[in-house]
Amino acid sequence: MASVTKDNRLTSSQSFMCVGFAGIFSKTVTSPLENEGLRGFWKGNLVSCLRLFPYTAVHLTTYKKIVHLHMDELGFISQWRAILAGGLAGVAAALVTYPLEVAETRLIVQNCREPTYIGVIHTLSKIYRNEGLLALYRGFSLTFLGAFPFSIGCYAVYMNLDKLWQEPPFRFTPLQNFINGCLAAGVAQTLSYPFETVKRKMQAQSACLPHLGGVDVHFNGMIDCFKQVVRNKGVLSLWNGLTANTIKIVPYFGLLFSCFEMCKQVFLYRNGYIISPLSYKPAPGVDQSLGPNELEELKRYLKKRNFGSGESSFGNRW
């Protein structure tokens with residue numbers, strides 16, 4: 001069975017910074033692909049970027065805790081348990097940040113000429129005041145259901161990348177990392193898109209908005225929304241907009257993955273594991289299984305012992 005191992009060479013704060021920077025950079029660069037006209041290029045992008053910070057923090061923390069519980073004594077976890085961990089971590093992170101996602105959807109779908117909402121705080125407060133707290137979590141069950149096919153799609157690709165490129169992951173170039181992210185996003189997006197379709201409709205619909213928020217079908221709850229969409233437009237309509245969304249999401253994940261790997265290389269170089277921030281080539285004489293703090297303590301220990309240049313080849317490294 002395929003397995004993955006957690007990379008302990010980065011601290012928690014370094015992992016957070018890598019994912020956070022990669023997410024904001026990727027979202028900002030690809031934001032023009034999902035809006036209308038020049039004015040709409042970055043509409044809703046601020047709230048999306050704000051959502052990335054708490055989402056990333058909760059996702060990383062939850063994922064590491066779940067993975068740690070299911071690792072064996074050698075630090076490995078089965079593929080299916082890793083998928084489960086990824087799905088549960090995504091759900092936990094979405095639970096914390098979901099109101100911001102609802103606000104983002106409302107800001108994006110509203111009419112620019114006659115805006116109902118102005119800014120993130122105004123959107124959240126108006127939804128809460130006019131529609132109640134539950135409106136800020138409308139459609140959240142779709143996030144829970146869609147997280148697992150999305151996670152399965154990502155891991156199905158990542159677990160076979162070495163077979164695709166016929167070389168180990170540490171030799172991947174930035175272009176290969178970009179392609180990897182695009183492939184994973186394409187597969188995962190296709191599997192989970194029906195849940196995303198219904199979720200967006202549930203987020204956008206409101207009796208307090210003109211034309212009920214502009215949705216094309218009217219419904220009561222998640223199951224009824226699925227039924228209405230299929231009855232009125234057919235099963236394949238659950239994938240309506242997949243091509244347009246793929247044009248946005250595929251380069252987003254490609255940039256996300258490649259940017260994360262580049263940020264990771266910078267920190268691995270800073271921590272002393274690799275010889276250059278432009279390469280994954282291991283630094284000679286460095287035990288890659290040690291954590292950053294353990295490696296730093298070892299360096300201090302070697303300096304205190306004042307190893308001579310001829311006493312130890314490992315001592316020469318430092």
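Helices (H or I, at least four residues) and strands (E, at least two) are taken here as DSSP runs, numbered from the N terminus. By this assignment, the protein has eleven helices and four strands. The model is a predicted one, in which local features need pLDDT of at least 70 and side-chain atom pairs count only at pLDDT 80 or more, whereas totals for chains, interfaces and linings use all residues. Residues are numbered from 1 along each chain as its sequence is written, and side-chain values use heavy atoms, with hydrogens and water left out.

A look at the whole chain comes first. Of its 318 residues, 45% count as buried, where buried means under 20% relative accessible area, exposed over 50%, and partly exposed in between (1.4 Å probe, protein chains only). Contact means heavy atoms within 4.5 Å. Among contacts between residues at least 6 apart in sequence, 66% join residues at least 24 apart.

The interior can be described through its nonpolar cores, each a set of buried Ala, Val, Leu, Ile, Met, Phe, Trp, Tyr and Cys residues joined through side-chain atoms within 4.5 Å. The largest nonpolar core has 21 residues, of which Phe253, Leu268 and Tyr273 touch the most other members. Helix 1 (12-30), helix 7 (174-204) and helix 9 (242-271) each supply at least two residues of this core, and the largest share, nine residues, comes from helix 9. A second, separate core of 15 residues includes Ala94, Leu107, Ala135 and Ala147.

Leaving aside neighbours within four places in sequence, Phe253 is in contact with Phe150, Gly181 and Ala185.

Aromatic rings come next. Rings of Phe, Tyr and Trp (its six-membered ring) pair if their centres lie within 6.5 Å; planes under 30 degrees apart count as stacked, over 60 as edge-to-face and the rest as tilted. The structure holds eight aromatic pairs. One of them, formed by Phe150 and Phe253, is tilted, with 5.6 Å centre to centre and 45° between the planes. Phe150 lies in helix 5 (residues 140-158) and Phe253 in helix 9, so the pair ties together parts that are 103 residues apart in sequence. The rings of Phe195 and Phe226 have their centres 6.3 Å apart and their planes at 80°, so this pair is edge-to-face. It links distant parts of the chain, with Phe195 in helix 7 and Phe226 in helix 8 (residues 222-233), 31 residues apart. Phe195 counts as partly exposed, at 22% relative accessibility. Elsewhere, ring pairs link Tyr98, Tyr137 and Phe140 into a cluster.

Leu191 lies in helix 7 and is partly exposed, with a relative accessible area of 42%. Leaving aside neighbours within four places in sequence, Leu191 is in contact with Pro149 and Gly153. The C-alpha atoms of Leu191 and Trp239 are separated by 9.7 Å, the two residues being 48 apart along the chain. Asn245, placed in helix 9, counts as buried at 17% relative accessibility. Beyond its neighbours within four places in sequence, Asn245 is in contact with Gln189 and Tyr193.

An α-helix has 3.6 residues a turn, so residues three or four places apart point the same way. The expected span of a helix is 1.5 Å times one less than its number of residues, and the arc is that of the directions from the helix axis to the C-beta atoms. Helix 4 (residues 120-131) has twelve residues and reaches 16 Å from its first C-alpha to its last, close to the 16 Å expected. Its buried residues are Val120, Thr123, Leu124 and Ile127. These cover an arc of only 95° around the axis, which puts them on the same side of helix 4. The face turned away from this buried side carries the exposed residues Ile121 and Arg129. Just after helix 4, Gly132 takes a positive phi of about 95°.

Helix 10 (residues 292-305) has 14 residues and reaches 20 Å from its first C-alpha to its last, close to the 20 Å expected. Pro292, Leu295, Lys299 and Leu302 are its buried residues. Seen down the axis of helix 10, they fall within an arc of 90°, so they line one face of the helix. On the other side of helix 10, Asn293 and Lys304 are exposed.
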